[in-house]
Structures are given as structure tokens and as C-alpha cells.
Amino acid sequence: MRDFDTIAAIATPPGESGVALIKISGTDAKTIVSEIFKMKTGGIFLNSRPWTMHYGHILEHDSGDVIDEVVVSYFMAPKSYTAEDVVEITCHGGYASTRRILEQVMVMGARPAAPGEFTKRAFLNGRIDLAQAEAVIDIINAKTDQSMRTAMAQSQGRLSREISTIREKLLNMLAFIEVTVDFPEDDLESATAEKVKDNALEIVEKIESLLKTSGEGKIIRDGLRTVIAGKPNVGKSSLLNTLLMENRAIVTDVPGTTRDVIEEYLNLDGIPIILVDTAGIRDTQDIVERIGVDISKQKLVEADLVLFMLDRSRPIDNEDLEIITRLENNRYIVLLNKTDLEDRLDYDHPILQDAIQVSATNGFGISELKKRIKDMFFDGTVKAGEYSVSNDRHKEALMRANESLKDALAALKGNMQLDVVSIDLSTAWSYLGEITGDTLQEDLIDKIFSDFCVGK
Ligand SMILES: Nc1nc2c(c(=O)[nH]1)N(C=O)[C@@H](CNc1ccc(C(=O)N[C@@H](CCC(=O)O)C(=O)O)cc1)CN2
Ligand SMILES: Nc1nc2c(ncn2[C@@H]2O[C@H](COP(=O)(O)OP(=O)(O)OP(=O)(O)O)[C@@H](O)[C@H]2O)c(=O)[nH]1
């Protein structure tokens with residue numbers, strides 16, 4: 001194991017809570033805490049057995065003043081989260097206690113941990129691979145049970161095992177080719193080519209079945225960005241409220257949300273939906289409103305799905321048509337709202353063909369809308385209990401590996417030299433290794449961990 005310096009961070013969110021956790025990892029973790037921890041038993045923490053918890057008080061080192069009442073646990077390397085010595089201090093939740101304890105830990109020689117640094121050490125020390133480390137963030141970010149299941153499966157090595165199996169197979173193929181090339185007198189070329197081809201086809205099939213899950217996988221991990229669009233006053237906000245009333249998931253402050261755009265999480269039978277309510281789109285001279293309208297237009301561009309709403313109690317006008325022209329590049333569902341009022345629509349317009357009749361105020365048609373969304377994005381590629389590829393980085397690596405394998409197959413078909421085929425196979429092997437972090441450059445690895453939160 002590599003020898004790193006000792007790092008520390010508060011692992012729980014800032015603010016008031018029942019308890020808070022301060023994590024310390026590295027060779028000096030135990031010595032550092034020993035200096036400031038007075039155990040109730042009178043024992044010395046430095047001599048405590050691993051994987052035990054101890055009750056006592058954290059003292060300010062210089063004055064000996066009691067800072068807080070705590071429970072301290074000790075995990076001995078390599079059986080800990082980071083695979084280093086880890087000490088965890090559980091203190092009373094709150095700004096003052098956590099800050100003062102962390103300060104003492106620093107005074108004793110620890111350094112503040114960078115975002116994701118604990119998990120990064122678990123990776124660098126070989127306890128988990130990169131795909132498993134990435135799953136840790138996905139677990140933290142998971143908004144629905146379904147998102148959580150996918151992330152947990154990945155953190156337990158589900159994808160990594162599939163990738164390792166394929167990479168081993170590729171290595172065997174490479175070894176096989178090498179033997180053939182080294183002993184040309186045995187005239188094994190064509191038999192080897194045949195065998196390599198069979199194996200490559202098998203791997204392509206495996207990779208493609210993984211790739212097939214990636215569309216749904218991404219939605220399960222990141223959520224389906226669904227923008228409610230339409231003219232002012234057609235009932236967009238009412239729809240948002242009706243949808244949220246039944247199935248509100250976790251309400252978070254999504255960064256970048258402006259006053260004019262509301263973003264909320266909705267749990268649609270396990271599918272996380274980021275519902276975006278936009279300002280009504282129309283031409284306006286009012287500067288403030290125009291900013292809102294411009295943001296709405298931008299949100300349309302970023303949407304996975306647009307719910308385009310019309311007020312059924314009024315004829316379609318130019319303002320509606322102007323929004324329709326913007327929908328050409330989006331997947332959308334047309335909603336005809338206010339079905340409780342008199343119908344004044346002219347149904348000639350082609351966009352109205354598959355429209356769903358709803359009432360945002362009395363809930364009419366809402367279950368049909370939900371079903372339509374599910375049918376549109378989930379064709380059952382991901383079956384219950386199956387793992388899906390949810391991360392764009394993994395998807396890209398799989399796609400590149402697949403291309404290299406296809407190059408190898410083309411070379412075999414063209415009766416190219418077997419060592420040409422070897423190059424393609426080892427390129428595929430290398431791309432797949434990026435997923436588990438075996439062949440990824442250090443700066444890219446650093447970037448992945450920098451997206452974590454401090455204390456993870
Ligand atoms: N107190 C505490 N709770 C926590 C965490 C933590 O770091 N501390 N976790 C932080 O995410 C999660 C649990 N993740 C963990 C992952 C690995 C190990 C660990 O010690 N693994 C060793 C030993 C396993 C064993 O005893 O067999 C290993 O894998 O070698 C601990 C926690 C959630 N709860
Ligand atoms: N009768 C009836 N009224 C509705 C229905 N849905 C919304 N409304 C009413 O239509 C009006 C406008 O609704 P909002 O939800 O604020 O419309 P909006 O599209 O968000 O409007 P802007 O924020 O201005 O873009 C309100 O008075 C709602 O009560 C419906 O299904 N039936």
C-alpha cells in the first residue's frame with residue numbers, strides 16, 4: 001500500500017443534527033486522536049483494539065478543556081473504507097462542535113481532505129476500482145429506489161466484473177495470436193483466425209447488450225429532464241403542482257435555478273424526473289419577462305422531453321404556433337388542458353393527433369400522461385434486477401471498445417496479418433480498462449474525484 005499523509009474532514013452535512021461524523025484517515029490517524037481523546041474507561045486510545053468503539057471526551061490539546069462528548073471508532077488498515085488506518089469521531093451535530101474538533105485534529109497534524117479524497121484513497125489503495133468509486137457518488141445523488149439499486153449494484157462491482165471477464169478473454173485471445181505468430185511453421189493461422197473471430201463476435205454481443213441498457217440507465221441515474229412549455233396562463237404551474245402533489249421526490253435546490261424557472265424532482269414509479277416549469281413563452285417588450293422567456297427557450301434546448309401545453313378552451317393562435325416550431329428537435333407530448341371547460345380547439349393541426357386531454361386542476365388525464373412518459377423512454381430493455389450502464393463515461397468507453405473489436409473483425413475478414421488484429425484487440429482491452437480505472441490517465445482520474453463532496 002502507498003504511504004499517504006493523514007487527512008481529515010467532516011463527513012456529515014454542515015448544520016444542526018443529532019450527531020456529526022469527523023473522519024480521519026492515514027498512518028497517523030490513531031496517534032493524532034490519542035492526543036485529544038480522553039476515554040471514559042481511563043484506557044489509552046492508542047492501545048485500543050481495532051474495529052472497536054469508545055466513549056469519552058475530546059479535549060483541547062493545549063488547555064485540556066473539554067470540547068465535546070463523543071464516540072470514537074478505530075478501523076485498522078487495510079480493513080477500512082480507505083484501506084488505511086481510519087478513526088471516526090462521532091460528536092454532537094452542530095457548527096461549533098464539529099469545527100472545533102476538526103481544528104484540534106489539524107493542530108495535531110492532519111491535513112484537510114480534498115473532495116472525494118477518502119474514496120480516492122480506497123481506489124488508489126486497490127480496495128475498489130474506479131467504476132465502484134463512481135458508484136459512491138451515484139448512491140449519494142440517487143433520488144429514487146431504482147436509481148439507488150443501480151448505483152448499489154455498480155458499487156458492489158457488478159459492471160467491473162463484467163468488464164474484467166471481457167478483458168481476460170481479450171488477453172487470452174492476444175496470447176493465442178502471439179503463439180501462432182511466433183510459430184509460423186505450425187501453420188495455425190487460419191484455425192487461430194477462426195477462433196479469434198468467434199471470441200470477438202461473442203464479446204461484441206456482450207458489449208452491445210450492455211450498451212442497450214445505457215439509455216434507460218442514464219435516465220435512472222441522472223433523471224429525465226422534462227420541461228413544461230406553453231403560452232402564459234395555459235396551466236403549466238398547475239400541472240407541476242398536480243404532478244408533485246402525488247409523487248414529490250426529494251426537493252433540492254438545483255444550482256442555477258433562476259426565479260423564473262422552477263425545478264422539482266418527481267418520482268415516477270422509480271424513474272427520477274426533473275420537472276422544469278418555465279415562464280410562458282411569448283413575444284414581449286417587457287425586459288424582465290423577456291429574460292424569463294429567453295431562459296425558457298434555453299430550457300427547451302436542454303430538455304429530454306417537452307410537455308407542450310395548450311389551453312383547450314381557446315383556439316390555437318400564433319403564439320402557440322411559434323412554440324410548436326421550436327419543438328421540432330425535441331421529443332414531446334402535447335397536452336390539451338382545461339378539459340372541464342368548453343372545447344374551442346380546431347383539431348386540424350397535425351400536432352394535435354396524439355395529444356392527451358388533461359385537466360391540471362382536477363387531475364383528469366394525468367395517469368395517461370404518466371403512462372405515456374414511461375412508454376416513451378422505457379421499452380423494458382432494463383429488466384427488474386438487471387444492471388444498467390448509467391454513466392456516460394462508461395458508455396463511451398464501451399462504444400470505443402466495440403469499434404476496435406469491429407475493426408479487428410474487419411481485419412480478420414480481409415485476411416490481414418494476425419498482428420494487425422492484435423493491435424485492435426489490445427486497443428479494445430485498453431478502452432475497457434478505462435472503466436475500471438486500470439488504463440485511465442491520472443488527470444482524468446483526478447477530475448472524477450473532484451466532483452465528489454468533501455468528507456466522502
Ligand atoms: N461510520 C461509517 N458509516 C458508513 C461509512 C463510513 O465510512 N463510516 N460509509 C462510507 O461510505 C458507508 C459504508 N461503507 C463502508 C465501506 C467499507 C468499509 C470497510 O471498513 N471495509 C473494509 C472492512 C470490511 C470488513 O470488515 O470485512 C474492507 O472492505 O476491507 C466501511 C464502510 C456508509 N456508512
Ligand atoms: N378550468 C380550469 N382552469 C385551469 C386548469 N388548469 C389551470 N387552470 C387555471 O388557469 C390559470 C393559469 O394557470 P397557471 O398554472 O398559472 O398557468 P401557467 O401556464 O403556469 O401561467 P404562466 O405562469 O403565466 O406562464 C389559473 O387560473 C388556473 O387555475 C384546468 O384544468 N381547468
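I started at ligand 2, where an oxygen atom sits 2.8 Å from a polar side-chain atom of Ser359. I count a polar contact as a pair of N or O atoms within 3.5 Å; within protein, one must be able to donate a hydrogen and the other to accept it, and residues adjacent in sequence count only if both atoms are side-chain atoms. On its own, ligand 2 exposes 650 Å², and the protein buries 68% of that. Those accessible areas come from the Shrake-Rupley method with a 1.4 Å probe; for residues, only the protein chains shown count as cover.

Ground rules: this is a predicted model, where local features need pLDDT of at least 70 and side-chain atom pairs count only at pLDDT 80 or more, while totals for chains, interfaces and linings use all residues. Residues are numbered from 1 along each chain as its sequence is written, chains are lettered from A and ligands numbered from 1 in the order in which they are written, and side-chain values use heavy atoms, with hydrogens and water left out.

**Still on ligand 2**

I looked up two further polar contacts. An N or O atom in the side chain of Ser238 is 2.6 Å from an oxygen atom of ligand 2, and a polar side-chain atom of Asn337 is 3.1 Å from a nitrogen atom of the ligand. The shell holds 16 residues, the closest being Lys236, Ser237, Ser238, Asp340 and Ser359; a residue is in if one of its heavy atoms lies within 4 Å. Helix H9 (residues 236-247) gives the largest share, 3 residues. Helices are DSSP runs (H or I, at least four residues), numbered from the N terminus.

By class I get 4 nonpolar, 8 polar and 4 charged. Nonpolar means Ala, Val, Leu, Ile, Met, Phe, Trp, Tyr, Cys and Pro, charged means Asp, Glu, Lys and Arg, and the others, Gly among them, are polar.

**Ligand 1**

Lys23 puts a side-chain N or O atom 2.7 Å from an oxygen atom of ligand 1, and Glu88 has one 2.6 Å from a nitrogen atom of this ligand. The protein covers 49% of the 680 Å² that ligand 1 has on its own. Its shell has 4 nonpolar, 1 polar and 5 charged residues, including Phe75, Arg127 and Lys456.

**H13 and H14**

Last, I checked H13 (residues 392-413) against H14 (residues 418-436): the angle is about 170° and the axes are 8 Å apart. Axes are lines fitted to C-alpha atoms over the stretch in contact, and angles run from 0 to 180 degrees between N-to-C directions. The contact residues divide into 14 nonpolar, 3 polar and 5 charged.

Note on methods: Helix = DSSP H or I, 4+ residues; strand = E, 2+ residues; numbered from the N terminus.
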